Amino acid sequence: MQWTFDVTLDPNGSPTVLTNVQNVTVNTGRQALMDNFKATTATIVCRYPNGYASPISGLIPGAQISIAMKELGTGSYAFDVFVGEITDVEVEYGIPYVSNVGNDDYLTISVEGALAKLARTNGNDYVMNADYADNQIANASTESGVPIFGYPTYFFDTRELALKTVSGSWADWLNNVAFTFAGRIDDNDNAVLIRNYQPSEVITTQSFSDVTGTNKVQYDQINFDTLAQNYYTQVTVVPVSGIEEIASTGAPPYRNLQLDNNLSRTQAEAQDLARLYLNNYDTPSLALSSLHVNMNDNSAQYIKPILDLVAPFGTVCLGVSRQVDVTFRGTTYTVIIEGAALSASPGQCGVTLYVSGADLNAYLVLDDAVFGKLDSNKLGF
């Protein structure tokens, strides 16, 4: 099964579909649990066999670009892969040595998501008063001019955050909020802050496997890692509003994880957060860290659920925060998607998913087959 891409300039205004697309790459999220969330970026390379005298006038920084994916040759519905704004356009003109093949001209378009815009938007010492998280998120969206949302609403309108003077970028502030809730950021044409454990609305039944099967997506490569940044015996949480809180296990010397500028409203909440991170990372483990899916090797009916991982946030195929099952040589692992990388050229598409295992996401969630087992999960945040 092969796939093709529609790249559209100004999709919400006067859409112009770009032709001769040679390569598309999209990167989003993070690779390891304790990494900061990076801005989603995309690169689009187009070839112009006949050349042209000047770049397309609409291809300027700030213009919106959408990338959609669809099954090759079927005229099937296209699924949005990424929507963002242009940051750079590079035109490379070349004259080939072989005659009768046309000019060797290429156009490279760089696109970014909302988190990149937040990274370039300074807080200018904005005083964010202590308030419920949803109110702070709304204020940040207004002050930065970048759409920011919290999901699910019922979580963020009941959790409070401390007073904070935003002296750095709004992206730094949003990452601090994410770590305060042990949450995640989904980044597309808006930034969505997701709670520490995704509720049932966004848990999917998508399964990946090393063998073919009904309702299973087959992957062709899988990696397990023991990441040093996911192993700590002491966690120090330093709130912006009070003294540090420390949780530790065993005897010194400790492997310390320090979370500065934490936005927990109370010392008790900071202590709970320190215990949560310690519970998750106090034991080194070999865990599933990534898998690669060759989209051409899977039929459309099984690829579509990957595309559906987008709902309700944004980046298709990538699905940051989604819970999925991965079967490897007879053993099934439940993991959460932390980030992804997509690479495609004419007739070929591959997706690498970076994941974290259930043992690194220990929460007590009642009536949940994976995260709600008292005999295998740890009490925490």
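Color the chain by secondary structure to start: you will find 6 helices and 24 strands, taken as DSSP runs (H or I of at least four residues for helices, E of at least two for strands) and numbered from the N terminus. Keep in mind that this is a predicted model, in which local features need pLDDT of at least 70, side-chain atom pairs count only at pLDDT 80 or more, and totals for chains, interfaces and linings use all residues. Residues are numbered from 1 along each chain as its sequence is written, and side-chain values use heavy atoms, with hydrogens and water left out.

**The whole chain**

Of the 381 residues, 49% are buried, where buried means under 20% relative accessible area, exposed over 50%, and partly exposed in between (1.4 Å probe, protein chains only). Among contacts (heavy atoms within 4.5 Å) with a separation of 6 or more, 67% join residues 24 or more positions apart.

**The nonpolar cores**

Next, select Phe5, Ile44, Ile65, Ile67, Phe208, Leu291 and Leu342. In the largest nonpolar core, which has 41 residues, these touch the most other members. Such a core is a set of buried Ala, Val, Leu, Ile, Met, Phe, Trp, Tyr and Cys residues joined through side-chain atoms within 4.5 Å. Strand E23 (residues 331–345) supplies the largest share of this core, 5 residues.

Zoom in on Leu291. Leaving aside residues up to four places away in sequence, Leu291 touches Phe208, Tyr219, Gln221, Ile222, Val326, Val351, Thr352, Leu353 and Val355. Then select Leu118, Ala133, Val177 and Phe181, which are among the 26 residues of a second, separate core.

**The salt bridges**

Now show the charged side chains. There are 6 salt bridges, each a side-chain nitrogen of Lys or Arg within 4 Å of a carboxyl oxygen of Asp or Glu. Here are some stops:

- Glu85 and Lys117 meet at 3.2 Å, N to O. Glu85 sits in strand E6 (residues 79–92) and Lys117 in helix H1 (residues 114–119), so select both elements to see a link between parts of the chain 32 residues apart.
- Glu160 and Arg265 meet at 2.5 Å, N to O. This pair spans 105 residues, from strand E11 (residues 160–161) to the loop between strand E20 (256–262) and helix H5 (267–281). Glu160 is partly exposed at 32% relative accessible area, and Arg265 is partly exposed at 34%.
- Asp272 and Arg275 meet at 4.0 Å, N to O. Both lie in helix H5, 3 residues apart, about one turn of the helix.
- Arg30, Arg184 and Glu338 are linked in a network of salt bridges.

**A sheet with a helix on it**

Finish with strands E18, E19 and E20. They form an open sheet in the order E19-E18-E20, with mixed pairing; strands pair if DSSP finds at least two bridges between them. E19 (245–248) and E20 stand at the edges with a single partner strand each, so one side of each has no neighbour in the sheet. From one strand to the next, the twist averages 10°.

Strand E18 (residues 234–239) runs parallel to its partner E20 over 5 bridges, and Val237 stands opposite Leu259 in E20. Axes are lines fitted to C-alpha atoms, for helices over the stretch in contact, and angles run from 0 to 180 degrees between N-to-C directions.
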